[in-house]
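Here are a few notes to read alongside the model, with the focus on one pair of neighbouring elements.

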Amino acid sequence: SSGTNTPLKIYEQLASGVPLVATKIYSHTQVLDNKVAILVDPTSKDMARGILEALSGKGSDVTLGAQKLYNDKYSRPVYEKKMRKLLGLLS
């Protein structure tokens, strides 16, 4: 519930094809928004509401957004391209 590092599991979950329910804490919202995840307050009641929402039609909407975000910004080919560019600048 504190800290600023985005948990690495978020990137894998974006690509998973499963609706992502996450809390509205800073370390999550650096990467996630309402287009790619169901964001809830960090309470058990809100988390339960978010899970129910994910099981409804909204879950498929955020899943498509999440996969697009992953493919556009965080996929392996994107990572490799960034690394090649960085290594090119350093050499």
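This is a predicted model: local features need pLDDT of at least 70, side-chain atom pairs count only at pLDDT 80 or more; totals for chains, interfaces and linings use all residues.

1. Let us start with confidence.

2. H4 covers residues 58-74. At 1.5 Å a residue, its 17 residues should span 24 Å, and the end C-alpha atoms of H4 lie 23 Å apart, which agrees.

3. Which residues of H4 are buried? They are Gly59, Val62, Thr63, Gly65, Ala66 and Leu69. Their cover includes helix H1 (9-15), strand S2 (38-40) and helix H3 (44-55).

4. Now for the partner helix, H5, which runs over residues 76-90. Its axis and that of H4 come within 6 Å and cross at roughly 20°. Angles under 35 degrees count as roughly parallel, and H4 and H5 are therefore roughly parallel to each other. On the H4 side the contact is made by Tyr70, Asn71, Asp72, Lys73 and Tyr74, and on the H5 side by Arg76, Val78 and Lys82. By type, the residues of this contact are four charged, three nonpolar and one polar.

5. Finally, H5 by itself. The number of buried residues is one of its 15, so H5 lies largely in the open. The length of H5 also checks out: at 1.5 Å a residue it should span 21 Å, and its end C-alpha atoms are 21 Å apart, which agrees.

Terms used
Residues are numbered from 1 along each chain as its sequence is written. Side-chain values use heavy atoms; hydrogens and water are left out. Axes are lines fitted to C-alpha atoms, for helices over the stretch in contact, and angles run from 0 to 180 degrees between N-to-C directions. Helices (H or I, at least four residues) and strands (E, at least two) are DSSP runs, numbered from the N terminus. Angles under 35 degrees count as roughly parallel, over 145 as roughly antiparallel, 65 to 115 as roughly perpendicular and the rest as oblique. Contact means heavy atoms within 4.5 Å. Ala, Val, Leu, Ile, Met, Phe, Trp, Tyr, Cys and Pro count as nonpolar, Asp, Glu, Lys and Arg as charged, and the others, Gly among them, as polar. The expected span of a helix is 1.5 Å times one less than its number of residues. Buried means under 20% relative accessible area, exposed over 50%, partly exposed in between (1.4 Å probe, protein chains only).
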